[in-house]
Amino acid sequence: MTRIHVRTLGMALLIALSPIRALASGDAPAFLLVGLDGKTFFTLDGSRNGPNGSDAVGIIDASDEAHPRLVHTLTLDNSVYGPPTNLRVTPDGRLGLVASSVLMHHDGTAWYAHADNRLHVIDLTATPPRLIETVEVGQQPSGISISRTGDLALIANREGRSVTVLSILGSKVRPVATIDVGDEAAAVAFAANGRRAFVAKNKAARIGVLSINGTSVRYEPEYDMPVGAGVYGLDVTPDGTLALTGNTGQEPSDGHADTISVIRADGLRPVVLDHLGIGDTPEALVIAPDGRHAAVSIVRGSSAARGSPGYTPTGAVALLTLSSQSVQMTSQAEAGAVTQGVAFSPSGDYVYVCNYVDRNLGIYRISGDTLIDTGNRLSLPGQPASLAGR
């Protein structure tokens with residue numbers, strides 16, 4: 001690891017790195033969004049914050065899945081303080097939603113995070129993609145989920161202890177309600193049928209259940225489920241049978257093993273079936289398009305100061321193999337320092353992992369139930385905190 005200094009991305013982030021094809025009606029581009037944080041830094045002496053103004057959102061073209069490329073950047077506030085799920089692409093690939101979780105405020109000689117409440121809406125059909133509006137949501141908006149039909153979005157608000165419900169009609173994204181869930185909410189995920197969603201209550205170490213009827217959303221506290229401390233990662237299988245959570249533990253990067261929780265999601269009353277040991281600090285979790293695998297970014301001790309007992313210079317990425325009977329970790333590969341967002345390629349044949357300190361995207365191929373490091377790295381003009389596609 002090398003010492004990281006504040007760098008202003010400036011106007012260079014507004015330059016398209018290669019031409020972007022105009023989209024025909026009904027076209028679904030193989031775009032992913034990556035959030036680039038420019039104000040929080042992990043160094044050998046520990047983490048520190050800096051001034052606002054250097055964040056960006058990158059648009060990645062993954063049509064060549066083995067060699068994704070950055071095609072455009074937009075200077076937009078976002079943050080590593082929101083979990084690595086604070087952005088999403090609509091199912092038709094036409095809009096990108098990006099939450100700005102915190103902004104920094106100067107107090108004496110230090111910068112401190114304060115909750116933001118904005119959601120950026122990006123038109124991915126424009127050439128180049130452009131910001132079309134910013135709307136107000138809850139306090140410290142973090143994890144985002146979009147329904148399969150693409151007409152409803154949910155945002156977990158950490159400081160707001162709530163979930164914001166948004167309608168999507170064409171390019172118009174509008175908040176319609178905010179639902180109190182009683183605890184800090186870090187992530188949210190729709191069930192396959194769209195009539196239920198799950199919310200990660202990170203400090204309470206529980207998963208809450210939301211019932212959905214059109215744009216009407218209700219929190220069902222009697223269905224709360226115990227998982228693990230520091231739950232941030234959350235996803236549901238395409239067939240709706242299982243939900244998985246990543247539990248980072250009481251203290252991230254402390255050297256102690258943490259867990260993945262397995263939830264039977266399709267019953268009248270969802271229940272926790274199992275807990276799977278995964279290593280220190282599973283930061284992000286995503287399930288493949290075919291539901292056969294899940295990928296987990298594991299920070300290990302790479303976000304700790306060098307003198308900490310749990311310190312390690314690098315993180316890892318794990319592959320889980322899913323069946324109706326079990327979830328098993330079948331492969332693990334080395335990754336960079338402070339692994340954050342993770343995403344599958346459109347086909348599910350590749351896994352992409354954000355290496356925050358290294359400022360790049362790691363690219364891994366799936367062979368059977370094994371992860372193979374391709375050795376390819378996509379360099380990025382900032383620190384990648386979050387990553388998601390359609």
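Student: How many helices and strands does the protein have?

Tutor: There are 0 helices and 31 strands, where helices (H or I, at least four residues) and strands (E, at least two) are DSSP runs numbered from the N terminus. Keep in mind that this is a predicted model, where local features need pLDDT of at least 70, side-chain atom pairs count only at pLDDT 80 or more, and totals for chains, interfaces and linings use all residues. Residues are numbered from 1 along each chain as its sequence is written, and side-chain values use heavy atoms, with hydrogens and water left out.

Student: Now Thr321. Why is Thr321 called buried?

Tutor: Buried means under 20% relative accessible area (1.4 Å probe, protein chains only). Thr321 has 14%, so Thr321 is buried. Thr321 sits in strand β25, residues 316-322.

Student: Which side chains does a polar contact of 2.8 Å join?

Tutor: Those of Thr321 and Thr330. A polar contact is a pair of N or O atoms within 3.5 Å; within protein, one must be able to donate a hydrogen and the other to accept it, and residues adjacent in sequence count only if both atoms are side-chain atoms. The side chains of Thr321 and Asp369 also make one, at 3.5 Å.

Terms used: Buried means under 20% relative accessible area, exposed over 50%, partly exposed in between (1.4 Å probe, protein chains only).
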